[in-house]
Amino acid sequence: MNPINEVKLEFVSKSCNEAFARVVAAAFVSQIDPNIEELADVKTAVSEAVTNAIIHGYENEKGLVKMVCKLYEDAVEISVSDEGKGIEDIEKAREPMYTSRPDMERSGMGFTVMESFMDRVEVASEVGKGTTVTMFKTFKSVRGKNDAPKQ
Amino acid sequence: MNIKLSNRGNTLVATLNGELDHHTAEYIRQKLDAEMLKSTTQNMVLDFSKVTFMDSSGIGVVMGRYKNIQKLNGKMALAGVNDKIKRIFEMSGLMKLISAYDSIDEAINKM
């Protein structure tokens, strides 16, 4: 299945860009007209992934966060990457309530939220090299709606 | 995001307005903690009715304040939590610890 549209975005790891990234993702996805709940799900998941890149990947140091969105007829794939410190134990990082930064009042629910709001979440990481989180979601409200024959 | 603070007796009422994420959480945390230090407040009501977006950063903000309030033997309640925000709070088990009410008045009366 080939994407019908694709966007790549690279931005500095500043926390104010968390809002920017999730708004961009939602605006891009809105091309296929998902409902408001589905758009909000995407925004929340992107916010979690970008926050992780900034806090954990770069540990609030300066770096570049990359977001790639691939749009399908009724679905989206979004990957968020950093070239930061990487995750030693991915399984542990994905456990609900686990956080490496309790000092920052982080709840350890980031991956749980991503998993709950998207259909599939994949994590690839190498210590010292960085992390890529890839999330996939099918929009049930869109399914079939865009099947009308193209001119 | 901005925050509106008012006192009702020994209860601090904070209305959050806007998007609550990691970026804005730090500001909210500081505002709330500073207010708790300077006032004779014992209880806290956090009003979410004007929060237009929240990610898991909101859990940390609420849990952190809850711990502080507990040290003062105070009570904490939430108001105006919509379904979307509730879903995130519920994932963390926070709703088992802190009651949520429809309005600020109801929270103050029943907490």
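**Exercise 1. Work out the strand order and the pairing of the open sheet in chain B.**

Step 1. Start with the order: 5 strands form an open sheet, S1-S2-S3-S4-S5, and the pairing is mixed. Strands here are DSSP runs (E, at least two residues), while helices are runs of H or I of at least four residues, both numbered from the N terminus. Two strands pair if DSSP finds at least two bridges between them.

Step 2. Find the edges. Strand S1 (2–8) and strand S5 (99–101) of chain B each pair on one side only. On average, neighbouring strands are turned by 25 degrees against each other, direction ignored; the axes are lines fitted to C-alpha atoms, and angles run from 0 to 180 degrees between N-to-C directions.

Before going on, a word on the model. It is a predicted one, in which local features need pLDDT of at least 70 and side-chain atom pairs count only at pLDDT 80 or more, while totals for chains, interfaces and linings use all residues. Residues are numbered from 1 along each chain as its sequence is written, with chains lettered from A and ligands numbered from 1 in the order in which they are written.

Step 3. Now take the pairs one by one.
- S1(B) and S2(B) (residues 11–20) are antiparallel over 7 bridges, and Asn2(B) has Asn17(B) as its bridge partner.
- S2(B) and S3(B) are parallel over 9 bridges; here Gly18(B) is partnered by Val51(B).
- S3(B) (residues 43–54) and S4(B) (residues 76–79) are parallel over 4 bridges, with Leu78(B) as the partner of Leu46(B).

**Exercise 2. Follow the chain between the paired strands of chain B, and find the residue with a positive phi in the hairpin.**

Step 1. The hairpin of S1(B) and S2(B) has 2 residues between the strands, and Gly9(B) takes a positive phi near 65 degrees.

Step 2. From S2(B), helix H1 (residues 22–38) leads on to S3(B) in a right-handed β-α-β unit. Right-handed means that, with the strands pointing away from the viewer, the path from the first strand over the helix to the second runs clockwise.

**Exercise 3. Describe the side of chain B that touches chain A.**

Step 1. Count the residues: 17 come from chain B and 19 from chain A. Residues are in contact if their C-beta atoms, placed from the backbone, lie within 7 Å.

Step 2. Look for the elements. H1, helix H2 (57–71) and helix H3 (83–91) of chain B each give two or more residues to this side, and H2(B) has the largest share, 6 residues.

Note on methods. Contact = placed C-beta atoms within 7 Å.
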